[in-house]
Amino acid sequence: MEFNEKVVIITGASSGIGAATAIHLSKQSAKLALVGRNENNLKRIALYCEKSKGEKPLTITADITEDESVERIVKETVEYFGKLDVLINNAGVIGMGGVKNSSMETYDTVMTTNMRSVYHLTMLAVPHLIQSKGCIVNVSCIASTKPSTMALAYNISKAALDHFTKCVALELAPDGVRVNSINPGFVKTNLLKGIGLSEDQLELFVKNVVGNMPLKKPVEGNEVAALIAFLASDKAASITGSNYVIDGGVSLR
Ligand SMILES: NC(=O)c1ccc[n+]([C@@H]2O[C@H](COP(=O)([O-])OP(=O)(O)OC[C@H]3O[C@@H](n4cnc5c(N)ncnc54)[C@H](OP(=O)(O)O)[C@@H]3O)[C@@H](O)[C@H]2O)c1
């Protein structure tokens, strides 16, 4: 099995892309540390992983915007499994609005969750990843390079994440640690649930987004999970510093 004996931290494993990645990797015998704030959802995904083949994951209920929680994620994982091979920085939030109609609160929440916490968690994980010659996969977005007016703070947080990915890849290459990002287009998850649209408005929004995708289908969570797994695996041994787009062709327009 591809991830046999590999210890993997997945942030944001209680929902969407992170949950799909947990299930995908558990089927490949990974030893998982699943991180999220919602303990019930986290436990539900852990049980699913356990039943679907893998061993019981470690669940860590933690808010990655709190420094103490970020420290706990690495400490508990290494204490429990004895090492760390893969860090998947997936947790993220979106905040709506541009310079005319967003707030500094939105900016702070989005940047702290999507970038500061990744910086901090990566710093703490790196000594262990150097030891294991492991790797990092960051979950970015096509919004990092494709300007849009809907979610300014989100877009720039992901642009920062792409550059972080490349700089850290260069820094850690001599240590044998690879760092890549995946950049999805629209994936149907809970991400957009908090943006203030009614169910009907959200459905219409999704229909429009999918209608504008050259492949005319949403990207599925399990497809994103498979790409993350590929980049985290030895099959990608020569890939570092890359931002892998998976967007049904949206970036072509
Ligand atoms: N869906 C898309 O269309 C899309 C497209 C491009 C990129 N992405 C990226 O994919 C990643 C995953 O998003 P998703 O679409 O799967 O959305 P989702 O279903 O809303 O999942 C987000 C995950 O992040 C976790 N999270 C958020 N804030 C956190 C915090 N402060 N501390 C700990 N965990 C936190 C949530 O866990 P709790 O609620 O349990 O805290 C949840 O597990 C994000 O980085 C997002 O930007 C998504």
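This tour visits the aromatic pairs and then the nonpolar cores.

The model is predicted: local features need pLDDT of at least 70, side-chain atom pairs count only at pLDDT 80 or more, and totals for chains, interfaces and linings use all residues. Residues are numbered from 1 along each chain as its sequence is written, and side-chain values use heavy atoms, without hydrogens or water.

**Aromatic pairs.** The whole structure holds 2 of them. Rings of Phe, Tyr and Trp (its six-membered ring) pair if their centres lie within 6.5 Å; planes under 30 degrees apart are stacked, over 60 edge-to-face, the rest tilted.

Select Tyr80 and Phe81. Their ring centres are 4.8 Å apart and the planes meet at 90°, so this pair is edge-to-face. Phe81 is buried, at 17% relative accessible area (buried is under 20%, exposed over 50%, partly exposed in between; 1.4 Å probe, protein chains only).

Next, select Tyr119 and Phe164. Here the centres are 5.6 Å apart and the planes at 35°, so the pair is tilted. Tyr119 sits in helix H4 (residues 104-132) and Phe164 in helix H5 (residues 152-172), so the pair ties together parts 45 residues apart in sequence. Helices are DSSP runs of H or I, at least four residues, numbered from the N terminus. Tyr119 is partly exposed at 47%; Phe164 is buried at 12%.

**Nonpolar cores.** A core is a set of buried Ala, Val, Leu, Ile, Met, Phe, Trp, Tyr and Cys residues joined through side-chain atoms within 4.5 Å. Select Ile10, Leu25, Leu32 and Leu34: they have the most contacts inside the largest core, which has 49 residues. Helix H7 (residues 221-232) gives the most to this core, with 6 residues. Finish at Val35, Val70, Ile73 and Val78, which belong to a second, separate core of 30 residues.

Terms used. Helix = DSSP H or I, 4+ residues; strand = E, 2+ residues; numbered from the N terminus.
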